[in-house]
Amino acid sequence: MADSKTIIKNRLKANTRKNLSLVRAEAKAAILLEVAQNSYPAVKVNDIRCNQVRDYAARIGDLLEKKN
């Protein structure tokens, strides 16, 4: 999935600590995009392991929300 820098910035802002500035979120988004371009996928996007990682990430998010 190829997201734009703005989408990644907004996701970072929404899903990280609240004092993350927009400028810092944009810088982190640019770094993530650059790293993604230099990386090579180990598995295909529709591989079951990708779904498991997404499920685990969602569970962690739910647990952190429940904890707070």
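Does E26 count as buried, partly exposed or exposed, and at what relative accessibility? At 36% relative accessibility, E26 counts as partly exposed. Keep in mind that you're looking at a predicted model here.

Let's step back to the whole chain. The protein chain has three helices and zero strands, so its elements run α-α-α when you start at the N terminus. Its radius of gyration is 14 Å, while a compact globule of 68 residues would come in near 11 Å. Along the principal axes, the C-alpha atoms fill a box of roughly 35 × 35 × 15 Å.

Now for the charges. Side chains of opposite charge can pair when their charged atoms come close. A search of the whole structure turns up two salt bridges, and here they are:

| Salt bridge | N to O distance |
|---|---|
| K5 and E26 | 3.5 Å |
| R49 and D47 | 3.0 Å |

Back to E26, then: its side chain meets that of K5 in a salt bridge. K5 lies in helix α1 (residues 5–15) and E26 in helix α2 (residues 22–38), so this pair ties together parts that are 21 residues apart in sequence. K5 counts as partly exposed, at 35% relative accessibility. In the other bridge, R49 pairs with D47, and R49 counts as partly exposed at 48% relative accessibility.

Definitions and conventions. Residues are numbered from 1 along each chain as its sequence is written. This is a predicted model: local features need pLDDT of at least 70, side-chain atom pairs count only at pLDDT 80 or more; totals for chains, interfaces and linings use all residues. Side-chain values use heavy atoms; hydrogens and water are left out. Helices (H or I, at least four residues) and strands (E, at least two) are DSSP runs, numbered from the N terminus. The radius of gyration is taken over C-alpha atoms; the globule rule is 2.2 Å times the number of residues to the power 0.38. A salt bridge is a side-chain nitrogen of Lys or Arg within 4 Å of a carboxyl oxygen of Asp or Glu. Buried means under 20% relative accessible area, exposed over 50%, partly exposed in between (1.4 Å probe, protein chains only).
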